[in-house]
Amino acid sequence: MSAFKQMPHRKRTEFVRLIISLARRTALLAPTNTATRTKAGFTQAGVYTLRLTAGDGVFTRTADVLVTVTNGIATWKAQYFTAAELANPAISGDAADPDGDGHTNLQEYVAGTKPRDPASRLELKAEFSVSGAPLKLRFDAMAGKTYSLQFNNGFGISQWTKLADVAPASTNRVVETFDFSPVIDPGLRFYRVVTPGD
Ligand SMILES: [Ca+2]
């Protein structure tokens, strides 16, 4: 005979709560008792504590995860502009071009170039020797950026055709590629280099 009494299995109803707290504020984002995956979104930069709470109605367990959320372009601007300049949109605004290189701050941020250095800009250069020879295309590529070289054969053609893709590298470098079938006079061919934003 046994003194042990087996307790019936209790059906566990698990639930998950995500609580986001920023500074003194705490907000319940997405309570659910059925989802196995819950997404948390952040609209402001800051350091958040992401608290995961799981329980079965009797016992609960919690775990905190520290999440740092950055505003990419704001962090980037802080590297190049003083506090006074950051407060002046004519200098640090997305549409401003304080180094006068023809590229706005937003374009320089996307390209990974320096907004206070006119020599630092995404610019495609073509070197053409004789008619019918391969056309050399060259540009300064920034570390970590991917690029696509494209062309079209005249005004009014909105469709750009890929000539080559350039994979990201760990350092800045000069990229050279060739168009082995360039259009011969009197034809026209336009080229561009594009890099995706964050
Ligand atoms: Ca610029």
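**Close-up views of a predicted chain**

In this predicted model, residues 24 or more positions apart account for 46% of the contacts in the chain with a separation of 6 or more.

**View 1. Overall make-up of the chain.** The chain holds four helices and ten strands, and, when it is read along the sequence, these elements follow the pattern β-β-β-β-α-α-α-α-β-β-β-β-β-β. Of the 198 residues in the chain, 9% are buried.

**View 2. An open sheet with the strand order 8-7-10**. This sheet consists of three strands, and their pairing is antiparallel. Strand 8 and strand 10 are the edge strands, each of them pairing on one side only, while neighbouring strands of the sheet are turned by 20° against each other on average, with direction ignored. Strands of a sheet pair through backbone hydrogen bonds, in either a parallel or an antiparallel manner.

**View 3. The pairing of strand 7 with strand 8.** Strand 7, which spans residues 147-152, runs antiparallel to strand 8, which spans residues 161-166, and five bridges join the two. Within this pairing, Leu149 stands opposite Ala164 of strand 8, and Gln150 has Lys162 of strand 8 as its bridge partner.

**View 4. The pairing of strand 7 with strand 10.** Strand 10, formed by residues 190-194, is likewise joined to strand 7 by five bridges, and the two strands run antiparallel.

Conventions. Residues numbered from 1 in each chain as written. Predicted model: local features only at pLDDT ≥ 70, side-chain atom pairs only at ≥ 80, totals over all residues. Pairing = 2+ DSSP bridges. Buried ≥ 20, exposed ≤ 12 C-beta atoms within 10 Å, placed from the backbone. Contact = placed C-beta atoms within 7 Å. Axes fitted to C-alpha atoms, helices over the stretch in contact; angles between N-to-C directions.
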